Amino acid sequence: MLTIKDLKKSFSQTGAPLINNLNLTVKAGESVSIQGASGCGKSTLLSLIAGFETPDGGDIAVNGLSIASNSKLDNTFKARDIDNFRKQHLGIVFQSFNLFDCFNAWDNIAFTARLKGNVDNDYQLALMEQLGILPLAQKPLSQLSGGEQQRCAIARALVHRPSLILADEPTGNLDETTSETVSDLLFKTCKEANTSLVVVTHSQDVAVKADAALRLHKGVLESVNCESPEQTLSSPIAAS
Ligand SMILES: Nc1ncnc2c1ncn2[C@@H]1O[C@H](COP(=O)(O)OP(=O)(O)OP(=O)(O)O)[C@@H](O)[C@H]1O
């Protein structure tokens, strides 16, 4: 479960903050999509949740573990704690896949689980089968298509059983048909694994697959589907 409370972030001293008292709750197994104009702060929000950026104020907690308070520790502890936090709790799917060219599909997917020290070959086999990439296990990365590589990236994000997946434009490099297949698999696999999912996307087709479709606008999240804050707050995903 992800809980964000009164989050603030600015990169400049002048003008309105990029993230301005943003609140969001995503329960286990639920998904939200985040759309918004270019430069409105979507990737920054994911970076804050992942601990790559430090907030100016507010709190972010995953399963009750506060990342923002970790940020207040000294630099050595901060780096180590946040690194451990990511290994334990987060799966990240990047637009550019971020896979290793020198490994085959199996070793790419196993990478995070090996770092965390909880390799579960049976679970990896099951995930790869579900995502339709098991026959590609021994293939070098260079021989995989974009869609196949993105499915490997999704498997890698899930294989260490994180409680939260962050996906930044996970279908941005894919054609329409592959995008449909990959996004369906991402939502379905997260639901089945009871993993919370936050997807940043420019694609309306991907956005509507989420339990709640949100838009980042003027530093806060608002619902795409209903106009009034009251309606938004009464939904299972609370955003304001
Ligand atoms: N580390 C940083 N230092 C200074 N400014 C930054 C930094 N990271 C992002 N920004 C600025 O913050 C703003 C939001 O960037 P961000 O990448 O979060 O936008 P976005 O909504 O993801 O955009 P897009 O849809 O184009 O990817 C931009 O104006 C960007 O230049």
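**Packing of helix α6**

G147, Q150, R151, I154 and L158 of α6 meet T178, V182, L185, L186, T189 and C190 of α7, where contact means heavy atoms within 4.5 Å. The residues of this contact comprise six nonpolar, four polar and one charged. Ala, Val, Leu, Ile, Met, Phe, Trp, Tyr, Cys and Pro count as nonpolar, Asp, Glu, Lys and Arg as charged, and the others, Gly among them, as polar.

The model is predicted: local features need pLDDT of at least 70, side-chain atom pairs count only at pLDDT 80 or more, and totals for chains, interfaces and linings use all residues. Residues are numbered from 1 along each chain as its sequence is written, and side-chain values use heavy atoms, with hydrogens and water left out.

Helices (H or I, at least four residues) and strands (E, at least two) are DSSP runs, numbered from the N terminus. The axes of α6 (residues 146-158) and α7 (residues 176-192) come within 10 Å and cross at roughly 10°. Axes are lines fitted to C-alpha atoms, for helices over the stretch in contact, and angles run from 0 to 180 degrees between N-to-C directions. The two helices, α6 and α7, are therefore roughly parallel to each other (angles under 35 degrees).

Of the 13 residues of α6, 11 are buried, so the helix is largely enclosed by the rest of the structure. Buried means under 20% relative accessible area (1.4 Å probe, protein chains only). The cover over the buried residues of α6 includes β6 (90-93), α4 (105-116), α5 (121-130), β7 (164-168) and α7. Helix α6 lies across β6 and β7, running at about 170° to β6.

Notes. Parallel < 35°, antiparallel > 145°, perpendicular 65-115°, else oblique. Buried < 20%, exposed > 50% of the residue type's maximum accessible area, 1.4 Å probe, protein only.
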